[in-house]
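Reader: I would like a close look at the sheets in this model. Please set them in the context of the chain before going into detail.

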Amino acid sequence: MAKEKTGKKGGTYGINIELQRELTPQEADFVEKTLEMTASALRLHLKEDVAKEKPTKPGPVRPPR
Amino acid sequence: MWPKKNQLNQDLFAHPANRTASVKVCLSSIPTATDFEDPAQFESEGVRETSAEIPLGLLALAAVLEEIGVVPQLVDSNQWYIEYIHCSAARARSSFSQYAAERLAALDADLYGFSTICNSYPVTIQTAQHLKQLRPGAVTLLGGPQASVVDLPTLRHFPFVDYILRGEADRSLPEFVTRLAAGLSPDTVPGITYRRAGEPRRNPDAPMPVELDDLPLPAFHLYPVETPARSIPLELGRGCPFGCTFCSTNDFFRRRFRLKSPAKLIREMELLTDRYAAEYFDLQHDMFTVDRRRVVAFCEVLLASGHRFRWGCSARTDCVDAELIELMARAGCASIFFGIESGSARMQKIIDKGLDLDESRRNTELCTRHGMRTTVSTIIGFPDETMDDVRATVSFLAEGLREPEMITQLHLLAPLAGTPLESQYRDRLLLEDIYTDFSHSGWVQADRERRLIAAYPDVFQNFYAIPTPHLDRRYLQELREFFLRTSSRFRWMLAAWYAGCGDLLALFDEWRAWSRALVPHQRGCDMRRYYAMWGFDRDFVRFLRARPAESRSEFESVLLEFEEALRAVLRVDTGDAPPSNLKVLESDMRLGLNPHVYVLHLASDVTRVVELLRAQQPADASIYHPAIVATRRVTEDEIEVIKISPLAAEFLELCDGSLTVDEVLHRFEARCTPVGTLTAWEIATRALQKAYKTKLLRAYTTQADNVTGGRALAGVAL
């Protein structure tokens, strides 16, 4: 990914989120460790969450995530 | 009373070939949302999801009517309720049942059919009453699980209900409509309950459809199915051969196990995928896995078809095994429901469920390990139950908390009409303000409904309670509400407590003693409201901190630190995250954190605690390493905790809404050290990419756009 002009706006540039230079294994490992963002199994409901259960009949309440 | 021919649509018989087509039939879905009147409750995700469910039974009946040339008008009662609840003028003027009746009357149908279940039966009855006043010439017909079992008292008490069609109506409803169109009395229709000389009478049951493959595809085309459809219900089959004492659906399908053929099912799944881009199928059958051989055949045909459908089903833990679970998972089973009912071996026998609980533990865990979202449902409040039985049930659920894909449910028993339990205790039922969640999920039930329930106990049994001589029902209700909230909001704290002392009821008892002055116990509805709201979360964290430090386990201490850190930053975010699918972020865009993204610096590693609890390992030194975590919203009401590195945290902290992409990248670049061929600029842009793709960040064009975004601008501290 380069710091390049895109020409979309005068004097600005764009960072392309998708197009990236392929990293070497060492570089990828470094990025993974130093910029770690790893999802954990720790999840919680934050809303005033009433009726989380289906009120009328049992069953696989919701499609899985 | 059967309407006279001239009371029906006058051109009904003008064209004999089109007789049935000239009957105007309206079928009304079950109003499952009407339990909820409080806007705070009504707007919740759970209610909205329930309200949005496609009424499969109604569409199945619509399809068989289409086969005889009748295209019914379908009424989505939940949609009407949504419109009613958001119309203050309508609410001020009338009850929902009056409002619905007025709209139904305006449809000018000859026949109004209502699907019924126990919890909305009072609303259905009142709607039929108002409708009959407005359209006395129209026929009112009830069907479905509740009307089928309380048919005689319903007709005895409510003259505005003309007929009840009991059981499966795939064949009897078309016959009913055909006779109606021909001007004939439907009194001879099999499965009908009708009046003669004012007295209700029952015809013998209608023959049930044995070959479900012969039934048409439910009339999805008559219903506004969203595309892509997140979830589409589809009938796998019918009939559970078991005889649990609390269950009413086994008798509705006369315990005759039937399944559609795999080929038919797959054809239907293909068709619905083509038509609605279905992402998931809710395959409905009370007990799919009773015939292992046929489940295997279904899965194998599904696998051989090359489709990768995702689906869910219901099962018993003694009707699955490791091999079958693996096969089902491979064939796309992503969600499974198990009614465990009780964690007490003694109660398993008493209620005729008969599960081996060790086998249940093994198989539910296996399902989660195969990635299935596994719902485990239990019931408390059985008449023979003791506190030891309740403790065993809560313990069974507590063991499941360490599996993130396990959904634990704890319900209060409802004496469903026609069940062995209800029959046994019919003369001893109690009406109190502790009604079960199964019958009414709202916080408060309207007075008019309570009066109706009190006046007709032989129609509305499910709102009553069976005496529990060994248990305090108010305690049970509070336990249920406590568990519902804590298992979703403080799941790992509960898991940690259970891992430490093996008794979750001890936590509840301690909490109950501490919170006596906080929890409104006077009325059941107030107590339920308290446990559903933020205030409980705040009080529960205070309670945990107030406990003697020496009584806390190491896991609990770390989790408490996390909870307190979260509480310190938590705010009400009122908006949604903006789309995070931009391909290019312009350098002059501003960067802010998405709603519900908080960065927490912790003295200990809460994610490690969760790992150890999942693995059933004891605490070790690794939990005391300082950790940085970020929260992220994964569904509308659920956040996920992400472990992040110090450098990633530095990057996120630059994204406070005040800096542009260019400014953030250059400031961060200055803090990075090149490594090998990787430049500092590349490290900065990789950080941007990762954080954006992980949906921690939002990019927006001007400060004014940031109305729902970064923490600095969001709502009110809690």
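To begin with, of the 718 residues of chain B, what percentage count as buried?

Author: The model is predicted. In chain B, 50% of the 718 residues count as buried. The secondary structure of this chain comes to 29 helices and 21 strands. Along the principal axes, the C-alpha atoms of chain B fill a box of roughly 90 × 60 × 55 Å. The radius of gyration of chain B is 28 Å, which agrees with the value near 27 Å that a compact globule of 718 residues would have. Among contacts in chain B with a separation of 6 or more, 75% come from residues 24 or more positions apart.

Now the sheets. In general, strands of a sheet pair through backbone hydrogen bonds, either parallel or antiparallel. One open sheet in chain B has seven strands in the order 2-1-3-4-5-6-7, with mixed pairing. Its edge strands are strand 2 (73–75) and strand 7 (199–202) of chain B, each of which pairs on one side only. From one strand to the next, the twist averages 25°.

Within this sheet, strand 5 (residues 163–165) and strand 6 (residues 192–196) of chain B pair in the antiparallel sense over two bridges. There, B:Leu165 stands opposite B:Ile192 in strand 6 of chain B. Helix 3 (residues 56–67) of chain B lies across strand 1 (25–28), strand 2 and strand 3 (111–115) of chain B. The helix runs at about 160° to strand 1 of chain B.

Strand 2 of chain A pairs with strand 20 (residues 638–644) of chain B in the antiparallel sense over six bridges. Across this pairing, A:His45 stands opposite B:Glu638 in strand 20 of chain B.

B:Ile407 lies in strand 15 (residues 406–412) of chain B. B:Ile407 is buried because 23 other C-beta atoms lie within 10 Å, and the cut-off for a buried residue is 20 or more. C-alpha to C-alpha, B:Ile407 and B:Ser377 are 8.2 Å apart in space, while 30 residues separate them in sequence.

How values were computed. Residues numbered from 1 in each chain as written. Chains lettered and ligands numbered in written order. Predicted model: local features only at pLDDT ≥ 70, side-chain atom pairs only at ≥ 80, totals over all residues. Helix = DSSP H or I, 4+ residues; strand = E, 2+ residues; numbered from the N terminus. Buried ≥ 20, exposed ≤ 12 C-beta atoms within 10 Å, placed from the backbone. Pairing = 2+ DSSP bridges. Axes fitted to C-alpha atoms, helices over the stretch in contact; angles between N-to-C directions. Contact = placed C-beta atoms within 7 Å. Rg over C-alpha atoms; globule rule 2.2 N^0.38 Å.
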